[in-house]
Amino acid sequence: MNQRRRPVTILLVEDDPDDRLLAQDALEESSLLSDLRCVENGEELMDYLYRRGQYTQENSPRPALILLDLNLPKKDGREALNEIKADPELRRIPVVVFTTSKTHEDIKTAYDGGANSFITKPMTFDSLVDLMETLSKYWFGLVELPPNGVADGYGQQPH
């Protein structure tokens with residue numbers, strides 16, 4: 001397993017402030033050296049990824065992983081997932097749907113939309129810490145991810 005020296009950026013798309021805080025605490029408890037960034041809905045997600053509005057190159061590093069809730073205000077997770085995976089500059093960013101849903105329809109829709117994984121949120125904090133450990137081992141220890149940064153066009157507006 002490779003060891004990273006710099007923190008990896010994880011972008012959590014979650015409208016519930018308590019869930020955001022729990023995820024942040026769980027990541028801190030895990031062994032992953034991470035830089036957790038949070039947005040609250042699909043519109044903010046796309047602004048972050050395209051570096052629009054308040055998001056600049058300095059304050060919106062390319063995420064190595066997106067944890068995406070499905071049920072979001074403004075633009076829901078399904079719409080945002082479809083938009084990310086339709087964009088040649090963004091589609092290589094792994095997207096893990098991270099939701100309370102367990103419905104077969106949501107699972108099917110997520111994978112049909114290009115999700116890399118579908119995970120139902122754990123019910124306890126200890127389980128959430130274990131999940132963050134597992135995610136970090138898999139996505140940042142075993143999997144080879146595409147290069148990160150501006151060289152691959154990240155952050156450019158769609159044409």
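Predicted model: local features only at pLDDT ≥ 70, side-chain atom pairs only at ≥ 80, totals over all residues.
## Overall architecture

The chain has 159 residues, of which 47% count as buried. Among the contacts in the chain with a separation of 6 or more, 69% are accounted for by residues 24 or more positions apart.

## A negative patch on the surface

Glu28, Glu29, Asp126 and Asp130 gather on the surface in a patch of negative charge. Two helices, α1 (17-29) and α5 (125-142), each supply at least two residues of this patch.

Glu29, one of the patch residues, lies in helix α1. With a relative accessible area of 55%, Glu29 is classed as exposed, because the cut-off for that class is over 50%.

## Lys75, a buried residue in a loop

Lys75 lies in the loop that runs between β3 (65-68) and α3 (77-86). Is this lysine, Lys75, buried or exposed? Its relative accessibility is 17%, and Lys75 therefore counts as buried, since buried means under 20%.

Once its neighbours within four places in sequence are left aside, Lys75 is in contact with Asn41, Gly42, Glu43 and Met46, and also with Ala80 and Glu83.

Pro94 lies in the loop between α3 and β4 (95-99). At 5% relative accessibility, Pro94 counts as buried, because this value falls under the 20% cut-off.

Which residues are in contact with Pro94, leaving aside its neighbours within four places in sequence? They are Ala64, Leu65, Ile66, Lys85, Asn116, Trp139 and Leu145. A further relation concerns Leu67: the C-alpha atoms of Pro94 and Leu67 are separated by 8.7 Å, while the two residues stand 27 residues apart along the chain.

Note on methods: Residues numbered from 1 in each chain as written. Heavy atoms only, no water. Patch = residues over 30% accessible without salt bridge, like charges linked within 9 Å, V, L, I, M, F, W, Y side chains within 5 Å. Areas by Shrake-Rupley, 256 points an atom, 1.4 Å probe, with all protein chains shown as cover. Salt bridge = Lys/Arg side-chain N within 4 Å of Asp/Glu carboxyl O. Lys, Arg positive; Asp, Glu negative; His and termini not counted. Charge placed at Lys NZ, Arg CZ, Asp CG, Glu CD. Helix = DSSP H or I, 4+ residues; strand = E, 2+ residues; numbered from the N terminus. Buried < 20%, exposed > 50% of the residue type's maximum accessible area, 1.4 Å probe, protein only. Contact = heavy atoms within 4.5 Å.
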